[in-house]
Amino acid sequence: MSGIRPTGFLHLGNYFGALRNYVKMQESYTCFFMVADLHSLTTHPDTKELKAHVHRVLAENIASGLDPDKAALYCQSHVPETTELYLYLNMLAYKGELEKTTTFKEKARLQPDNMNAGLLTYPVLQTADIIIHRASLVPVGKDQEQHLEMARNFVNRFNHRYGEVFPEPMAFNFGEELVKVPSLDGTGKMSKSENQHATLYLADSDEMIRKKIMKAQTDSGPTEPGTPKPAYIENLFLLMKLVSGADVLESFEQAYQECRIRYGDMKKQLAEDMIAFIGPIREKAEAIRNDHSYLRQVMEKGAEKARASSGATMKLVREHMGLNYY
Ligand code: TRP
């Protein structure tokens, strides 16, 4: 089970860091992938753009390989059982631990005028998302580790008080290191919030991709064999490794080692390979985004699967909690 916040455009980092993991998981596990529209209300109370964002995130995920026939792909608000469980879990979550959460402290700093209770209990809702399916594997990045640790605490408190209902959820990736996709400016990784010109989005036009890559920093190249690559050059090689053929990568590697590399040529090649990679995803996503009846079908089918699983869990929860009076 995992959740995706509908607050923007998916980029290459999301694709290689998260999505590709989901696509692999859907082949061998029962999967629930959810658009976290309720979570987005904690930071984005203005809902004018919400529908468009939900449609975009669904379309981009499907275009990248998520299959609504294999996994349950649904919207959080379509599964009201989640909010019921969230309420019960709130009675097992303490103010002190919630206030200590890193993401809460960060958001309190970013939006001091809107430190709402939803923000404080964000990890409780996230726990409800996961355990409503009694899920144990949660493909997420490092930034979500603390939320998962809190989820395990809430689960253990529930099980201890009311009886064993939930397994402990664990962060999951496919055995390999999560791929970090470097940004084009040589600092850090691609990110929604930081330097947008150094991030490649799945919705970028061919021209935009070319422009961003051609603007990436380079220098006049090494003059002595064995010179280590500066970070901004290493990043170009890393990106090339993700989207170019092994032979192409090898030929530029060799050119670098032999001090005859021309970064202009390398960036041109990288741009064309990137376009060949992103272009088809972008076009597929756009077609899906414009097909409202298909999107509706996807959401309905996803909600149906998610509600079947959630309904069964809530029955168990109410019984264990003693909320059955007949
Ligand atoms: N908090 C996650 C994020 O910021 C999104 C999320 C919501 C989530 N519910 C979840 C992730 C359940 C995993 C499981 O990206």
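Leaving aside its neighbours within four places in sequence, which residues is Thr199 in contact with?

A: Happy to take you there! One thing to keep in mind is that this is a predicted model. Once neighbours within four places in sequence are set aside, Thr199 is in contact with His11, Met190, Ser191, Asp204 and Lys212.

Thr199 sits in the loop that runs between β5 (170-171) and α10 (206-214). Is it buried or exposed? Thr199 counts as buried because its relative accessible area is 1%, and the cut-off for buried is under 20%. For a sense of distance, take Phe252: it is 53 residues from Thr199 in sequence, and the two C-alpha atoms are 23 Å apart in space.

Now let's step back to the whole chain. Its secondary structure amounts to 14 helices and five strands, and the C-alpha trace spans about 80 × 45 × 40 Å along its principal axes. If you look at contacts between residues at least 6 apart in sequence, 77% of them join residues at least 24 apart. The chain exposes about 16400 Å², with carbon and sulfur atoms supplying 52% of that area. As for charge, there are 39 positive and 42 negative side chains, and the centres of these two sets lie 3 Å apart.

Asn61 belongs to helix α3 (residues 50-63), and it counts as buried because its relative accessibility is 2%. Beyond its neighbours within four places in sequence, Asn61 is in contact with Ile4, Leu10, Leu19 and Leu66. Ser309 is found in helix α14 (residues 292-321), and its 17% relative accessibility is why it counts as buried as well. Not counting residues up to four places away in sequence, Ser309 touches Phe32, Ile132 and His133.

Next comes the ligand. Of the 14 residues around it, Arg5, Tyr122, Gln126, Asp129 and Gln144 come nearest. Helix α8 gives the largest share of this shell, four residues; β1 (2-4) and α8 (122-131) each supply at least two. An N or O atom in the side chain of Arg5 is 3.1 Å from an oxygen atom of the ligand. Gln126 places a polar side-chain atom 2.9 Å from a ligand nitrogen, and an N or O atom in the side chain of Gln144 is 3.0 Å from a nitrogen atom of the ligand. On its own the ligand has 370 Å² of accessible area, and the protein covers 92% of it.

Finally, back to loops, for two residues with a backbone detail to notice. Most residues other than glycine have a negative phi. Arg134, in the loop between α8 and β4 (137-138), has a positive phi of about 50° although it is not a glycine. Cys259, in the loop between α12 (246-257) and α13 (263-289), also has a positive phi, near 60°. Arg134 is partly exposed because its relative accessible area is 40%, and Cys259 is partly exposed because its value is 25%. Thr199, where we began, is a loop residue too, but a buried one.

Technical notes:
Residues numbered from 1 in each chain as written. Predicted model: local features only at pLDDT ≥ 70, side-chain atom pairs only at ≥ 80, totals over all residues. Heavy atoms only, no water. Contact = heavy atoms within 4.5 Å. Areas by Shrake-Rupley, 256 points an atom, 1.4 Å probe, with all protein chains shown as cover. Lys, Arg positive; Asp, Glu negative; His and termini not counted. Charge placed at Lys NZ, Arg CZ, Asp CG, Glu CD. Buried < 20%, exposed > 50% of the residue type's maximum accessible area, 1.4 Å probe, protein only. Near = heavy atom within 4 Å. Polar contact = N/O pair within 3.5 Å; in protein donor to acceptor, adjacent residues only side chain to side chain.
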